[in-house]
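Subject: Structure for you to look at

Hello,

Here is the structure we talked about. Please open it alongside this message and check the points below against it.

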Amino acid sequence: MKRREAVILALAAAGLLYAVWALFLAPAPGDKAGGVVLDRAGLAKTATEVKDLVAKSQPTAHDLLVLARAASPFPRDPFHRTTSPGEGPVSGTEAEAVFVYSGYLEMEGVRFAIVNGLEYRVGDELETPGYFLAGIERNRVTIEHRIPGQAASGRIVAPLVEADTYLDNKESKGNGTAR
């Protein structure tokens, strides 16, 4: 028997012994003998010590903002799509349609734009029926309103909306190296 085979058999035997111990010999999870006992008085004392330390530390305005934002719930789930593309609310006029251009991505020569939280390429129909993405640039997108059987009836230019947070102006070369 080769050394590699002996090592594999030894590991298999160890796994088998552990399985036998876990199934038949180990105490049940609910047993009090091996259970964890919580010291509520000690927990309360630790909590008051931490509160006192935070109160004495004099956090900055930025720290207070971060703590407040971390404690508050999200207004909505950013990954939950409430409607599928093409099933958006139907608007009667162009003035009712609102488009927010919030992101740009170029990958292998293909440009993507994030409009109203969804990503599109040039020519894709937007979530609002009748509106198509006509052009993508770094700082703006062009959206056309088309009525079936007719030429484009309107054109909207939506500027890039940047986040309120501070971001470095460094760019990536597409390989995930931006810092």
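This is a predicted model: local features need pLDDT of at least 70, side-chain atom pairs count only at pLDDT 80 or more; totals for chains, interfaces and linings use all residues.

Helices and surface

Helix 1 covers residues 3-25 and includes Val20. Val20 belongs to a nonpolar patch on the surface, together with Leu16, Tyr18, Trp21, Leu23, Phe24 and Leu25. The accessible area of the patch comes to about 860 Å². Val20 itself is partly exposed, because its relative accessibility is 38%, which falls between the 20% and 50% cut-offs.

Helix 2 runs over residues 40-56, 17 residues in total. From its first C-alpha to its last it reaches 24 Å, close to the expected 24 Å at 1.5 Å a residue. After helix 2 comes Gln58, which has a positive phi near 55°.

The core

The largest nonpolar core is made of 14 residues. Val115, Leu133, Val141 and Ile143 have the most contacts inside it. Two or more residues each come from strand 2 (110-115), strand 3 (118-120), strand 4 (131-136) and strand 5. Strand 4 gives the most to this core, namely three residues.

Strand 5 spans residues 140-146 and also holds His145. His145 counts as buried because its relative accessibility is 16%, and the limit for buried is under 20%. A polar atom of the His145 side chain lies 3.4 Å from the backbone oxygen of Gly130.

Salt bridges

There are four salt bridges in the structure.

- Glu106 and Arg111 meet through their side chains at 3.7 Å, N to O. Glu106 is partly exposed at 40% relative accessibility, and Arg111 is partly exposed at 36%.
- Glu137 and Arg140 form a salt bridge at 3.2 Å, N to O. Both count as partly exposed, Glu137 with 33% relative accessibility and Arg140 with 35%.
- Arg146 and Glu144 pair at 3.4 Å, N to O. Arg146 is partly exposed, with a relative accessible area of 32%, whereas Glu144 is buried at 11%.

Regards

Note on methods. Residues are numbered from 1 along each chain as its sequence is written. Side-chain values use heavy atoms; hydrogens and water are left out. Helices (H or I, at least four residues) and strands (E, at least two) are DSSP runs, numbered from the N terminus. The expected span of a helix is 1.5 Å times one less than its number of residues. Buried means under 20% relative accessible area, exposed over 50%, partly exposed in between (1.4 Å probe, protein chains only). A polar contact is a pair of N or O atoms within 3.5 Å; within protein, one must be able to donate a hydrogen and the other to accept it, and residues adjacent in sequence count only if both atoms are side-chain atoms. Patches are made of residues with over 30% relative accessible area and no salt bridge: like charges are joined within 9 Å, nonpolar side chains (Val, Leu, Ile, Met, Phe, Trp, Tyr) within 5 Å. Accessible areas come from the Shrake-Rupley method with a 1.4 Å probe; for residues, only the protein chains shown count as cover. A nonpolar core is a set of buried Ala, Val, Leu, Ile, Met, Phe, Trp, Tyr and Cys residues joined through side-chain atoms within 4.5 Å.
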